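Visitor: Please take a single part of this model and look at it closely. Then set it against the rest of the chain.

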Amino acid sequence: MQGMSERQYAAHVGLSRGAIQKAKAAERLVLYPDGSINATASDARRAETTDPSKTRKPPDLKLKPVPEAAVAAVGDTLREQGLAVPAVGGGTTFLQAKTANEVLKAQERRIRLQKLKGELIERARALSLVFRLAREERDAWVNWPPRAAALMAADLGVEPAAMQKVLEKHVRAHLDELAEVRPDFR
């Protein structure tokens, strides 16, 4: 075979095999004696005989620049899932971005389901609850010295009022230390 087969020529020009068969039947292709297609001569003849208004033009690829934050987010998501992360400056493939998007959607659905099940609560609600519990704990400690002072004074054989003053002093000092602690809620 001297030239290309119909399939090879179809791949060469980016058309279907059926389109090549139609062009062959319309004698718009140059054939060798064995029936194979002379690619160079056929390209020239097709260019002369094809109406430009009826050709498909490749779409203009207007790629939008992708923000670095988005690329970094894709890399972070893939890394969290133990998947391959694109090299820095190497670009993210469509498959990697799509995988990261699907992972994020699955994570979002899991969180939504956990909220519906009552396994997760709103942050403001949790902070309010912790604050209320801490206040109740503080109040319990403030009220403890008057109750415990009499019992401890009897055990130690000291005056109850003096024992209460000492206990209140130490409990308040400790509560003041605890008031300085600021939890990091991230």
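Guide: The accessible surface of the protein comes to about 15000 Å² (Shrake-Rupley method, 1.4 Å probe), and carbon and sulfur atoms account for 57% of that surface. This is a predicted model, in which local features need pLDDT of at least 70, side-chain atom pairs count only at pLDDT 80 or more, and totals for chains, interfaces and linings use all residues. Residues are numbered from 1 along each chain as its sequence is written, and side-chain values use heavy atoms, with hydrogens and water left out.

Of the 186 residues, 16% count as buried (under 20% relative accessible area, 1.4 Å probe, protein chains only). The secondary structure consists of seven helices and zero strands (DSSP runs, numbered from the N terminus: H or I of at least four residues for helices, E of at least two for strands). Read along the sequence, the pattern is α-α-α-α-α-α-α. Among contacts (heavy atoms within 4.5 Å) between residues at least 6 apart in sequence, 34% join residues at least 24 apart.

The part to look at is helix 5, residues 94-117. Helix 5 has 24 residues and spans 34 Å from its first C-alpha to its last. That is close to the 34 Å expected at 1.5 Å a residue (1.5 Å times one less than the number of residues). Gln96, Ala100, Val103 and Gln107 of helix 5 are buried. The buried residues of helix 5 pack against helix 4, residues 68-80. Just after helix 5 comes glycine 118, with a positive phi of about 85°.

The axes of helix 1 (residues 6-13) and helix 3 (residues 39-49) come within 12 Å and cross at roughly 55° (lines fitted to C-alpha atoms over the stretch in contact, angles from 0 to 180 degrees between N-to-C directions). Tyr9, His12 and Val13 of helix 1 make the contact with Ala39, Ser42, Asp43 and Arg46 of helix 3.

Further along, the axes of helix 6 (residues 123-156) and helix 7 (residues 160-180) come within 8 Å and cross at roughly 145°. Residues in this contact include Trp141, Trp144 and Leu156 of helix 6 and Met163, Leu167 and Leu175 of helix 7.

Definitions and conventions
Buried < 20%, exposed > 50% of the residue type's maximum accessible area, 1.4 Å probe, protein only.
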